[in-house]
Each structure stands twice: as C-alpha cells, then as structure tokens.
Amino acid sequence: MLALVILIAIVVLIGILFIGAYNRLVALRQNVNEAFADIDVQLKQRQDLVPNLVETVKGYAAHERGTLDEVTQARAAAANAGNIEQRAQAENALTGALGRLMAVAEAYPDLKANQNFLQLQGELSDLENKIAAARRFFNNAVGEYNASIQRFPAVLIAGMTGFASRDFFDVGPDRAALQTAPQVKFS
Amino acid sequence: MPALGLQTYIWNNNIRSAILLVGFPILLLGMVFFLTLGMIWAGMLPPGAYYGGDVAEALSLMWSAAPLAIAVAVVWFVIAYFFNQAIIDFATGSQPLTREAEPRAYNLLENLCISRGMTMPTLRVIETDEMNAFASGLHEGRFSVTVTRGILEAMSDDELEAVLGHELSHIINRDVRTMVIASIFAGIITLMCQIIYRSIMWGSFGGMRGRRSGNVGIFMLVALVVGAIGYVLAIVIRMAISRTREYVADAGSVQLTKNPDAMIRALRRISGHAHLDAPQSMRAMFLEDDDEGVMGLFATHPPVEKRVAALMQYGGGRDVAPEPPPRSAPPPSLSPQTSEAPLSPDGQGPWGQRRDGPPGPWG
C-alpha cells in the first residue's frame, strides 16, 4: 500500500517536472518568435523608406544609376527573401548598398542640404541602430533557446515534441565587406 | 538551473525571491521557538518532561502559537494594503503628467503598454534635478510610474524608454505587492524585537522573580540574542528580495525594449545622481538607490556595476559610455544641474556650487 502511494507520488512528480520543462521550452520559443517579429517590423520600415530615399537622390544625382539600381535591387531581394539565413544575407546586402548610396550622396552639396533627404537620413540611421539592437536581442534569445533544448532533462522533451534549434540572424561572412569603406565613383 | 540567457535569468531570480519570501514565516516561527525554549530553560514555563523533552514542548507550543501569528500578519497586511497607496501619494508630492505636457515620455510609456496589452499606468513627475524613478500601486487601476524632472531632461529617447520599461516591469511583476508583504513581515519581527527590549528595559519580567529567582537572567539573555539575530535577518532578507526584484526589472526592461545598451547607458547616467530623500521603506521602490549599507547586505539596490555586468552577461548588452546630453539642449542657464553637462574637475557645476533641487517632497 505504502509502496503504491510512493510510486504514484514519484510518477506525479515526474509528470509535474515534465510539464514544467515543456512549458519553459514553449516560453523560450515564443521569446524567439517575438524577437524576430520585432526585427521584422524594423526591417520592413527600412524597406518602406528605400523608394523615398531613391527618389530623393535621383532628383539630384540621376546619373548615379549603378548605385541607385543596386539599392533598388537589394531592397527587392530583401523583401522576397525566404528563410532567416537568406533574409539576413539580403538585408545585409541592403545595408551595404544603402551605405554606398549615402557615401555617394556626400559628393552632392545640394542633396545634402535638402530637408527631405536630411530627414530620411536621420530616420535611416535611427532604424539601423534599432535593427542592430533588435538583432542582438534576437540572437541572445536564440542562443538561450538553443542551449535550453540541448540540456539534459529538456533534450528528451525537445526530441519528443519537436523543438528544433533555430538559426541566428547573423551578419556572417559579409561582415568584412561591410566594414571596408565603400568606394566613391565619379562617373 | 543555470541562467542561459535573459529569460532563464528572470526565472532564476523569481525563484530566489520566492525562497527568500518563504524565509520570513520560517524566521518568525524560529524566533517563537527559541523564545519558548528560553522560557522553559529559565523555568518560566513548566519543564518539558511531560511532552518528552524541552525541545518537543517548545515545538508544540510554537505550533499552537502559529495560527495567532498568521492572524496578526493577515490583519496587518489588510491595513497596510489600504493605507499604502494613500501614504505614497501623500509622501511623494508628485504631479500627474499629461500627453500635452510631456508628449515624449507619455508616448514612450503608452507604446510600451500597448506592446504588452496592458492599461497604461498614470505617469507622474517629481520636480527635482536628481535622476530617479519608481513604480507604485497595489492593484489594477492604481498603478503609476513616477519619474523625476532630471530624468526627463537628461535622457535620450531610448534611455528614457529603458527607464520606463524598468518601472513597467515592476508593475507587471507586481513587485510593489511583494515588497509590501516583505515590509509587513519585517515590521512584525521588528515589533517583536522592540517588545522584547522594552520588557527587559522596564523589568516587567521582574514580577516572576518571586517564583523562580535567578533564572530570569537566562531568559533575558536568550531573548536578547534571538531578538538581535531575528532583527538583522529580517532586514537582510527584505533587502535581498528588493535586490533580486531590481535585477528582474532590468532584464524585463530589456525584454520590453529589446535594447540592452540603452538600459546600461541609463544606469550609467543616473549613477551618482539618484539621490532622493525618502524613508528606507520607500527607497526600495526607486530605480536606483546609492545607499550601499554594510557590505551591500542592507542595500535596497545592487551596485550599478553588478546590474551592468548582469545585463552584459545575460542580455547581450554592450557597455558604452553615455553620450553628452542628448535632449536637444535646453539652454544651460535653465538647468545648470542637468548633471551630464561637463562638470568642472571637482565635480561641481559651471557655477561653482552644487545647486540643490527644490526641497525634496520628503524634506
């Protein structure tokens, strides 16, 4: 009789631990999803900003076609990217293209004095900062989630209930390219 | 379980707070137990042969005293619950802020609330140049976030958002309630200690001397030791809870704003400029309290260095020095003490004298 009670108690205890661990994993995965949604919002805002920016620059520097096209294409690629890895690559390419566009704009004093351009430039740099912060928060959440599903009791639950590890939103190999100064061409 | 990131770190601190909170009733019962034991040793209660030993007798007496202790705690809590709000409203002397008066702070707070789907707490301001903030309110509809004018003036948007996020996390986590419970327990224990000391001072145990002379001294000694240990432990537990709640609110703010750097910069900015005159029991609620206490054991807040280190380790933050005053500078003559303005080397303002704010609301 006593043995039975103890046995039931142990089973119930394991069940509670199991449910607790599962709920923790769900909460961590939800954290990752929310964090990505937040990056997504910022990236979309940046994409919405690009056509405006391109139009404004065109008004003063129409013959910088190469740089302008590059930005437009990079934006299209970013808007259509599939999984997180491609998305990160496309967005990084867009960051690079926008950086080069801004560098080109330096050569046009009229453009730099344009109120509209200045406002867009300010918005863009604000968005870049927010994206950088949101990306680090996301990567932090992914790191926590990935580490949690690999730890001992949780790894059993994660295997049974389909918690897969997630990709980081990474600057990746493009980092070096982003950090070199963009070339300014006068054509 | 070790903290792997921000969320697990928050969970761990919540567990820590819960364990500390359970420490209060245990401490209270422990004190009753040892006092009873002291009375048995001193012969003021019949020896425990009948119960099977002195310790067993003290234990059984402790359990029979427990319901009384719980009843006192509940009554005390109910009274404090209803008066707490009125006391804080009276003590702070803060003014409610409208959207028109301070659109920046108002909108930031409103956005944070929308992102969590909660009713916006009242935003209030204290007119002083010091930089601090606190959350108050015990139930839905009475929550408020109070900031000082110094914070509104000196912080950039993302830093102010981090500060508001910190206070909002206190509200979401119902930390005010936790701290009220903690201070009530600490209050009961303090009251117990005071009764012990007064009794000893006024010699009210003297009356018992006639029955069993000489032994009262033993009880007085035991009571003194128990009282002293209980008194110190009560404060230490209470402050430890307060510190865990601060760590959780820092992390919660990062979860709300997704920006650990801004929280770190805000902490760096207010560090050393956060002084508000207030009773100890209110300081626990502040954004920052510089009062270190003995070895940090009696401090309501962890040192800024530790808070920054935690944000870097678990929140992925970077410790960057705050930039010079960000808010599109109000003319310096209006706010000579906006604190981040480059001070002369001796830490004084350009006017050579540290201007104190208007007399503090608790002054």
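Trainee: Where in chain B is B:K258 found?
Mentor: Keep in mind that this is a predicted model. B:K258 has a positive phi of about 60 degrees although it is not a glycine. As for its place, B:K258 sits in the loop between α7 and α8 of chain B.

Trainee: What are the helix and strand counts in chain B, and in what order do the elements run?
Mentor: Chain B holds 10 helices and four strands. Reading from the N terminus on, the order is α-α-β-α-β-β-β-α-α-α-α-α-α-α.

Trainee: How are α5(B) and α8(B) set relative to each other?
Mentor: Helix α5 (residues 157-172) of chain B and helix α8 (residues 260-270) of chain B have axes that come within 8 Å and cross at roughly 90 degrees. Angles of 65 to 115 degrees count as roughly perpendicular. That is why the answer for α5(B) and α8(B) is roughly perpendicular.

Trainee: How many charged residues are in the contact of α5(B) with α8(B)?
Mentor: From α5(B) come B:D158, B:E159, B:E161, B:A162 and B:V163, and they meet B:A262, B:M263, B:R265, B:A266 and B:R269 in α8(B). By class, that contact has five nonpolar and no polar residues, and the charged ones number five.

Trainee: Which residues does B:A266 touch?
Mentor: B:A266 is among the residues with the most contacts inside the largest nonpolar core, which has 76 residues. Leave out residues up to four places away in sequence, and the ones B:A266 touches are B:M155, B:E159, B:A162 and B:V163.

Trainee: Which element gives the largest share of this core?
Mentor: Residues with the most contacts inside the core include B:V145, B:I151 and B:A251. The largest share is 13 residues, and it comes from α7(B).

Trainee: Where does α7(B) meet α10(B), and how are the two oriented?
Mentor: B:E246, B:Y247, B:D250, B:A251 and B:V254 in α7(B) meet B:R307, B:A310, B:L311, B:Y314 and B:G315 in α10(B). The two helices, α7 (residues 216-257) and α10 (residues 304-315) of chain B, pack at an angle of about 50 degrees, with their axes 10 Å apart. The crossing of α7(B) and α10(B) is right-handed. With that angle, α7(B) and α10(B) are therefore oblique.

Trainee: Which residues does B:M31 contact?
Mentor: B:M31 lies in helix α1 (residues 6-41) of chain B, and it counts as buried because it has 24 C-beta neighbours inside 10 Å. B:M31 and B:G230 are 199 residues apart in sequence, yet their C-alpha atoms are 6.7 Å apart in space. Setting aside neighbours within four places in sequence, B:M31 is in contact with B:M192, B:V226 and B:G230.

Trainee: What share of the residues in chain B is buried?
Mentor: Chain B has 363 residues. Of these, the buried share is 42%.

Trainee: Which element gives the largest share of the side of chain A that touches chain B?
Mentor: Here, 16 residues of chain A are in contact with 10 residues of chain B. On the chain A side, the elements that give two or more residues are α1 (2-60) and α5 (115-150). That side divides into eight nonpolar, five polar and three charged residues. The largest share, 11 residues, comes from α5(A).

Trainee: How many residues of α6(A) are buried?
Mentor: Helix α6 (residues 152-161) of chain A is followed by A:G162, whose phi is positive, near 75 degrees. The helix has 10 residues and lies largely in the open, because the number buried is one.

Terms used. Residues are numbered from 1 along each chain as its sequence is written. Chains are lettered from A and ligands numbered from 1 in the order in which they are written. This is a predicted model: local features need pLDDT of at least 70, side-chain atom pairs count only at pLDDT 80 or more; totals for chains, interfaces and linings use all residues. Two residues are in contact if their C-beta atoms, placed from the backbone, lie within 7 Å. Ala, Val, Leu, Ile, Met, Phe, Trp, Tyr, Cys and Pro count as nonpolar, Asp, Glu, Lys and Arg as charged, and the others, Gly among them, as polar. Axes are lines fitted to C-alpha atoms, for helices over the stretch in contact, and angles run from 0 to 180 degrees between N-to-C directions. Angles under 35 degrees count as roughly parallel, over 145 as roughly antiparallel, 65 to 115 as roughly perpendicular and the rest as oblique. A crossing is left-handed if the near helix is turned anticlockwise from the far one by less than a right angle, and right-handed if clockwise. A residue is buried if 20 or more other C-beta atoms lie within 10 Å of its own, exposed if 12 or fewer, and partly exposed in between; C-beta atoms are placed from the backbone. A nonpolar core is a set of buried Ala, Val, Leu, Ile, Met, Phe, Trp, Tyr and Cys residues joined through C-beta atoms within 7 Å.
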